[in-house]
Amino acid sequence: MFSKTWVAERLNQRRAVMKFLWVLGLVTALVFSKWVDGFLKKSLNKTQPSLLETYGGSNAANNTLMVELTLIEGAGAKGAVCLDGTLPAYHLHPGHGSGANSWLIHLEGGAWCNDTRSCSNRKNSAYGSSSLMEKERAFTGILSNEAEDNPEFFNWNRVMLRYCDGASFSGDSENKEANLQFRGQRIWLSAMEDLMLKGMRYANQALLTGGSAGGLASILHCDKFRGLFPTTTKVKCMSDAGFFLDAVDISGGRTLRNLYTGVVGLQGVQENLPHYCTSHLDPTSCFFPENLIANITTPLFILNTAYDSWQIQNSLAPLSADPHGDWNGCRLNLASCSPSQIQFLQGFRNQMLDALKQFSMSDQNGMFINSCYVHGQTGQGAWFAPDSPAVGNKTIAEAVGDWYFDRAEVKVVDETCRHLVPPVTA
């Protein structure tokens, strides 16, 4: 294992590069937000993931590890296919040393599709067809193989399961007329079976993670993941930017609930939702994490910002709810929000914290809720770097490590955002 002094020295060497990459990312976010403004207005016909879901960076600047795509060859016989019928896929980088029998599974995110039109568009992208996926994917942040970037998990077997169904790996249906396969649940099962055969069955430690729509999937599949292993295996789950709230938008409507209703109904998700939820709530409600987390028995960590940029731009203040553009400035820059807009956003923060109250009472669970205006914090820059978001000088990576390895209880709620976009204040 590497000493803290050695890690600190290596971090200092990369300080200039990481600051450049992070500033570049924030500039890109401003450009990206112009695209995301029209996301829901176009019925989610655009299916690219949000800015911080797709990890990567400058390969030349920091020698980023690129990992080859692996098709799950046996999946087709089980009907486990992407929207267009192609085989599902993942990227796997083998562990070594003390991490040879430890596994981290990361579920890729990238929004959802909720009707035939949006799913037909999605199948013509890498989020609906493995034939259009990149042949290599950058492994950074929580997937990095560098101890100075990812001190807790750098030498584990690390997997990114690609997202090509549009329902958070949970649907099981089809639309023959439109040539659409909604097989997210089968993809999940097929991938887990394949990885177990490749050595995951021997794991002594395992962590299921995911970002955004993949973060929601890590919550939905958490207990199922635990069930794959013997009781002697240490198994936990973490959701990054996957705590989507059933919130009222600025016009009084429920934009995200309407979207989820389409996803759940179209893709046959209801049959794969937990019975403890569907026995007393409607299927759409059971696609929202707030109605699931209290009953998950496997240790779970919620990493989220109370001012999640995707939710603010697409659920709380989408263009469809803002016909006069009153939220255009606030949506792009929280410093431009009016007092009433800030009050509305703080109400969203309070709703999130209320939804986490019961969950936080369990000693086995953990959470890190800050006030950054971003979406996803396990990628490069945000995870573990000199300028990473931190509370009490503890980065997100360190907090997650303390929780996973039972070094400390982690229940962090912070009203600030170190080194990122300024937080919302009254």
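Q: In this predicted model, over the ring of which residue does the charged end of arginine 122 sit?
A: The structure is a predicted model, and the placement described here is computed from its atoms. The charged end of arginine 122 lies 4.7 Å from the centre of the ring in question, and that ring belongs to tyrosine 163.

Q: How far from the centre of the ring of tyrosine 404 is the charged end of lysine 234?
A: The charged end of lysine 234 sits over the ring of tyrosine 404. A charge is counted as sitting over a ring when, among other conditions, it is within 6 Å of the ring centre, and for lysine 234 the distance is 5.6 Å.

Q: How many residues apart in sequence are the parts that the pair of tryptophan 156 and phenylalanine 405 ties together?
A: Tryptophan 156 lies in the loop between strand S4 (136–139) and strand S5 (157–161). Phenylalanine 405 lies in the loop between helix H12 (396–404) and strand S14 (411–413), so the parts tied together are apart in sequence by 249 residues.

Q: Is tryptophan 156 buried or exposed?
A: Residues under 20% relative accessible area count as buried. Phenylalanine 405, at 24% relative accessibility, counts as partly exposed, whereas tryptophan 156 has a relative accessible area of 2% and is therefore buried.

Q: Which residue meets glutamate 193 in a salt bridge?
A: A search of the whole structure finds 20 salt bridges. Glutamate 193, in helix H4 (residues 184–197), is linked to a residue 115 residues apart, in the loop between strand S1 (65–71) and strand S2 (89–93). Glutamate 193 is partly exposed, with a relative accessible area of 39%, and the side chain it meets, at 4.0 Å from N to O, is that of lysine 78.

Q: In which helix is arginine 186, the residue linked with aspartate 172?
A: Aspartate 172 forms a salt bridge with arginine 186, the closest N and O atoms being 2.9 Å apart. Aspartate 172 is in the loop between S5 and strand S6 (173–175), 14 residues apart from arginine 186, which is in helix H4.

Q: Does aspartate 402 count as buried or exposed?
A: Aspartate 402 forms a salt bridge with arginine 407, with the closest N and O atoms 2.8 Å apart. Arginine 407 is partly exposed, with a relative accessible area of 47%. Aspartate 402 has 11% relative accessibility, and because under 20% means buried, aspartate 402 counts as buried.

How values were computed. Residues numbered from 1 in each chain as written. Predicted model: local features only at pLDDT ≥ 70, side-chain atom pairs only at ≥ 80, totals over all residues. Heavy atoms only, no water. Helix = DSSP H or I, 4+ residues; strand = E, 2+ residues; numbered from the N terminus. Buried < 20%, exposed > 50% of the residue type's maximum accessible area, 1.4 Å probe, protein only. Lys NZ or Arg CZ within 6 Å of the ring centre and 35° of its normal.
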